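Let's take a walk through this model together, starting inside one chain and then moving out to its partner.

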Amino acid sequence: MSRRDRLSGNEAVAYAMRQINPDVFAAFPITPSTEIPQYFAQYVADGQVDTEFVTVESEHSSMSTCIGAEAAGVRAVTATSSCGLAYMYEMLYVAASARLPITLACVNRALTGPININNDHSDSMGARDAGWIQIYSENNQEAYDNYLQAMRIAETPDVRLPIMICQDGFITSHAVENIELEDDQAVKAFVGEYEPENYLLKHENPLAVGPYDTSPYYMEHKVQQAQAMKNAKTAILDVAADFARTFGRTYGFFEEYRMEDAEAAIVLIGSTAGTAKTCVDQMRAAGHKVGLIKLRVFRPFPAEELAAALSHVKAAAVMDKSEGFSGCGGPVFADTRSACYDLKERPRLINIVYGLGGRDCAVEDLERVYQYLLRIARTGEEGPVYLHMGQRSLDKEVL
Amino acid sequence: MAYNHKIELNKPERFVGGHRLCAGCGAGIVSRAIMRALDEGDRAVICNATSCLEVSSFIYPYTAWEDSYIHSAFENAAATCGGVEAAYRAAKRRGKVKDHFKFLTIGGDGGTYDIGFQSLSGAMERGHDMVYFCYDNEAYMNTGIQRSSATPRFANATTTPCGTQSEGKKQNKKDLTEILAAHHIPYVAQTTMLGNLKDLHKKAHKAIYTEGPAFVNILSPCPRGWQYAPENLPQICRMAVETCVWPLYEVIDGRWYLSYEPKKKLPVEEFMRLQGRFKHCFKPGNEWTIEEAQAYVDENWERLLEKCH
């Protein structure tokens, strides 16, 4: 039997971890993900789990510990944010190339430069090419549900890739919300046991991991990794379908909110979706045909599906909660625009970078975006494509 | 257990031929010796930092290691090994693994003294049941003989070259073994390849079979970096010990034990003259370099004798 409770996003993830009882947890604190290892440490202290809790001296070592543990044949997990994830970058690539289905709870926070502890997506977006599956959560319930699905996706034999379950720092990690928690036994049964094919501690034969890979082989290994990421799309939908059957909550690559006949749409990731849904409802009530696409899965990128979902829209804004510094738009925009290129009739697409370092994004901000999009839809005049919203500026604000 | 070189050499090899290490390199000999120190029947996982040893012994799709082996990066061999060891504890507790495993980490001086120092210190402090073996060849040899904090003063390395204004490296070698002893772990030792390798074997065995973290620092000359003919490897190791440049000792549960005291301590130039990297020290006018090298060795040797029982 599931039960209702009130938990913060960090607590929800720690709760899921307790239910799963992973073999190894490599822990190093960083705001705002620190609570996850703290809650888990208490589970260890109280004998509620029998996980090896390895309190490492850095995030580089936490990812290295996870790599060693997962290669040895067990489930390894960690949690981090911001600079902690950046400090892991080198090892993120190693984890993916060694095809180790490690699970990382990423509590998104702005990367330092200057230091800032609040939410944006620059940390995990910076890791988007590392070969990790990335799933983002709108609220605490989704953080919990996504975490419960993570291992089954990552451990799928034709996937075997590490996975990052992301949620917005403070906004969901520290905010307490009502949440539906599943029964321990039901969770254990759903997640199942990890049974890798080959591992370092296997009795039958030893295993060598992490070779010097010369040019006659390296590219084949990279293509296999790329194929695994494509395969992950099927695994994500299969696991979501089983999750819906088991627990009754439905997930896909993205959520379409009132998109049926939408003329203007916003595409975004994470907790801002909650604000955007309120905005959509208000604008729909006022007669405006607006909708929202909340991207849940960013890696692998659901390009065809997203393009199809946007194909009937006249104008769309892709809202990036990270800069990217490409000089021509953020990372979600780049992938979305590329996905839409193959459409016969493309929506007018603009990019709005917003919410950096925890800058607030309210219903009225999103309403301005929708009004701007409706104007584009009406006039066909796009204006500037790459905008920043909500910052102080001496220039006249476009938005 | 008396050491019998013949019996040891007749054990099945766990680090086999076909690797691509240079002739006269210490790393291959060290690796074979370490692996022989495992009791037959015990399984092992080797964790290797990026190094000459790694890129020469595990070139896809071949490996020279008969046991399970993992390389993940340069600076994190100890943390990786800690992860494997943690997994073993968890798997053992949950009845998923029955075999008896030992966990051995091997890194060069770059991966140990320098970039991997934090990871090493962390793993030792946490108390994983593992051994970290450093094969110390006193520079970044894999990238082409750049100085490390293990490079001795006056050595000619590619980032501390000799020149009109330079007599090689300016700083003395970091005393990593002493730093590891300060971690107050159960076993710390310093050794090298001498004669029938008894000292190396016994220390490796003791380290592997001491419960908890252990560290063994093994001076391991490099023919390219130190500039010597391959056949001179044993002589260089011998001279490192006879001159007290590289004393052999153990720190067991905080107590220091000297493993070998030369009957007659030889002058430091007996060690230096065998190697091209110190060639400039023997030029007329550079006598001071050898004098300072000698003074440094003497000072360290005296300090060590005071600590040893």
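In chain A, the C-alpha centres of domain 1 and domain 2 are 28 Å apart. Domain 1 of chain A covers 3-247 and domain 2 covers 254-388, with bounds that come from an automatic or database domain assignment. Please keep in mind that this is a predicted model: local features need pLDDT of at least 70, side-chain atom pairs count only at pLDDT 80 or more, and totals for chains, interfaces and linings use all residues. Residues are numbered from 1 along each chain as its sequence is written, while chains are lettered from A and ligands numbered from 1 in the order in which they are written.

Where the two domains of chain A meet, domain 1 supplies 24 residues and domain 2 supplies 22; contact here asks for C-beta atoms, placed from the backbone, within 7 Å. On the domain 1 side, helix 5 (122-126), strand 6 (133-136) and helix 8 (215-247) of chain A each give two or more residues. Helices (H or I, at least four residues) and strands (E, at least two) are DSSP runs, numbered from the N terminus. Helix 8 of chain A has the largest share of that side, 5 residues.

Now turn to the partner chain: 40 residues of chain A are in contact with 38 residues of chain B. Helix 3 of chain A gives the most to chain A's side, with 10 residues. Strand 9 of chain A also pairs with strand 2 (residues 68-71) of chain B, in the parallel sense over 2 bridges; pairing requires at least two DSSP bridges between the strands. Look there for A:Ala208, which stands opposite B:Tyr69.
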